[in-house]
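User: Please go through the surface patches and the aromatic contacts of this model.

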Amino acid sequence: MAEDDRKKTEAGRSEDVKEQAEYTPSVQSDFLREKMKQRPVNKKKLLRRTIVTAVMAVVFSIVACLTFLLLEPVINNWLYPPEEAKEVQFPEETITEEMNPEDMLTEEEPEEEDPIELVDEQIRELLSQVTFGLEEYGNVYQELSELAQKVSRAIVTVTGVTSDVDWFNNTYESEAVASGVIVANNGRAMLVLVNMNHIKNAEKIVVTFCDQTQADARLMQKDDSTGFAILSVSLMAIEEETMDVITIATLGSSNTANLPGTPVIALGSPMGTSGSVCYGIVTSSGTVIDQVDSAYKLISTDMYGSRNATGVLVDLRGMVIGLIDNSYNSSDRGNLLSAYGISELKRTITKMSNNQPRAYLGIHGADVPVEAIVESGIPRGAYIKEIEMDSPAMTAGIQSGDVIVQIGDTKIETYSELLNELYNSAPERVVTVTLMRQGIDSFQEMTVTVTLARYYND
C-alpha cells in the first residue's frame with residue numbers, strides 16, 4: 001500500500017511539472033495589460049467655471065469693501081468717539097483811547113510854566129538823544145518782517161476747483177484762489193475765514209497751510225452780504241507736523257479811537273499773489289458799509305495793491321484788525337488797499353463759526369445825529385433809512401424814516417444797539433418794536449409786532 005501511495009504521489013508531481021512546462025507568459029499577457037486613457041477636458045465647462053469663480057471673487061470684494069466703508073466710521077466712532085464741537089467765542093472788546101505825547105511826558109501840569117512850551121522842550125530834548133541811521137532803519141523793517149512771518153503761520157491759501165467743458169466737449173478744471181485766516185479750533189476742525197466772492201461755485205475746496213501741506217475743506221456757512229465764509233478743515237485731515245507749525249490768529253479791535261495813522265501790515269494776497277506782504281498806515285476809518293441788518297466800518301490804507309487783493313490787516317501787535325476787500329473803493333482811490341473792520345464783523349464770524357442761524361429783520365439804518373436830536377427834535381434811537389422788500393420789517397409795517405426806540409423791554413438809542421439785539425435773537429422769534437413816526441407836527445409813538453425770519457446763507 002505504501003508503495004502504491006508513493007507512485008501516485010510521484011505521478012501527481014510529474015503531471016504538475018508537465019502543466020508548468022506547457023504554460024507560457026505570452027499566452028496571458030493580453031489579459032493583464034491595461035491601457036490608461038485620460039478623460040477628455042470640457043473646455044466650455046472649465047471656462048464657465050473660471051468665469052463664475054472670478055465674478056464671485058469680484059462680487060465678494062465689492063461687498064467686503066462696501067461693508068468696510070459703511071461700518072468703519074461706525075466702528076471707529078464707537079471705539080474712538082469724536083469730541084463735541086466747542087462753541088467758538090471771541091473776547092469782548094471796548095473802545096480804547098491812545099495816550100497823547102504830552103500825557104506820556106508829564107503827569108501833572110506845572111503851574112508856573114507854560115505846559116505847551118514845556119512839552120515842546122521835552123520833545124526836542126528826546127529827539128536830540130535819538131539817532132536814526134540806515135542801520136536803525138533796517139532794524140525796523142527786520143522787526144516788521146519777523147512779525148509778518150509769525151502771523152503768516154495763521155494765513156492759508158484757499159483754492160476752489162470747478163469742472164467745466166470746453167468747445168470740443170473736453171472736461172477741464174479751473175481754479176480760483178483767495179487768502180484766508182485760521183480763526184478758531186472747535187475741537188473737531190480748524191475754522192478758516194475767507195472771502196468766498198473770489199471762489200464762486202467751487203465743487204471742491206482745498207486749503208494750503210503755511211508749510212505747503214494741503215487738506216480738503218467744506219463750506220460751513222457763508223454771509224451773503226459780505227461774501228465772507230467759514231470753512232471747516234477736519235483735524236484728522238491735518239498732519240501732526242502741520243499742527244505743530246500753524247497758529248490761530250488773534251482778532252483785535254478796529255474800534256480804536258485813533259486808528260487813522262496806525263502802522264499796519266497787509267498779509268495774504270495784497271498784491272494778488274499768495275504770500276505777498278505790504279507795510280503802510282491806516283488813512284481813514286470813518287466810511288460805513290451799509291448792508292441789510294448790519295453796518296461795517298471800512299478801513300482805508302496808503303498801501304498800493306491788487307484790485308483782487310485778499311487777506312488781512314494786522315497791527316504791530318500781530319492782531320487782525322481788518323479783512324481786505326477792495327470792492328468798495330471809489331474810482332479815485334485806484335488800487336489802494338481797504339478792509340472791513342474786524343470789530344463789526346465779529347458778531348457775524350461768531351454766528352458762522354458755530355453754524356448758528358441768524359435772525360432777519362430786513363432794514364438799513366444809522367444813528368440819529370446829535371445835531372438832528374437838538375435842532376429838529378428827532379428822537380434818539382435807530383433811524384431806518386431803507387426797508388427790504390417782503391422782509392419781516394415791511395410785513396410788520398415799519399417804514400423808512402421811522403426811529404426805533406425799543407425792542408421788547410430793551411431801550412434802543414443807537415443803530416449798533418439795535419443790531420446787537422437782533423444778533424442775540426433767534427429766527428421765528430416774535431418781538432414787539434416801539435418806534436417813533438413823523439406826524440404832522442411831531443413824532444408819534446407806535447408799537448408793531450414783528451416775527452423775525454431766518455437769514456439765509458449759502
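User: Which element gives the largest share of the nonpolar patch?
Analyst: The model is predicted. Its nonpolar surface patch of about 550 Å² is made by Phe132, Tyr137, Val140, Tyr141, Val277 and Tyr279. Two or more residues each come from α6 (134–151) and β8 (276–291). The largest share, 3 residues, is that of α6.

User: Is Val277 buried, partly exposed or exposed?
Analyst: Val277 sits in strand β8 and belongs to the nonpolar patch. Buried means under 20% relative accessible area and exposed over 50%. Because the relative accessible area of Val277 is 34%, Val277 is partly exposed.

User: Glu241 lies in which helix, and is Glu241 buried or exposed?
Analyst: Glu239, Glu240, Glu241 and Asp244 form a negative surface patch. Glu241 is part of helix α7 (residues 240–245). The cut-off for exposed is over 50%. With a relative accessible area of 54%, Glu241 is therefore exposed.

User: What is the geometry of the aromatic pair of Tyr296 and Tyr340?
Analyst: The structure holds 5 aromatic pairs. In the pair of Tyr296 and Tyr340, the rings are 5.5 Å apart centre to centre, with 75° between the planes. Planes over 60 degrees apart count as edge-to-face. The pair of Tyr296 and Tyr340 is edge-to-face.

Conventions. Residues are numbered from 1 along each chain as its sequence is written. This is a predicted model: local features need pLDDT of at least 70, side-chain atom pairs count only at pLDDT 80 or more; totals for chains, interfaces and linings use all residues. Side-chain values use heavy atoms; hydrogens and water are left out. Patches are made of residues with over 30% relative accessible area and no salt bridge: like charges are joined within 9 Å, nonpolar side chains (Val, Leu, Ile, Met, Phe, Trp, Tyr) within 5 Å. Accessible areas come from the Shrake-Rupley method with a 1.4 Å probe; for residues, only the protein chains shown count as cover. A salt bridge is a side-chain nitrogen of Lys or Arg within 4 Å of a carboxyl oxygen of Asp or Glu. Lys and Arg count as positive and Asp and Glu as negative; His and the chain ends are not counted. The place of a charge is taken as NZ of Lys, CZ of Arg, CG of Asp or CD of Glu. Helices (H or I, at least four residues) and strands (E, at least two) are DSSP runs, numbered from the N terminus. Buried means under 20% relative accessible area, exposed over 50%, partly exposed in between (1.4 Å probe, protein chains only). Rings of Phe, Tyr and Trp (its six-membered ring) pair if their centres lie within 6.5 Å; planes under 30 degrees apart count as stacked, over 60 as edge-to-face and the rest as tilted.
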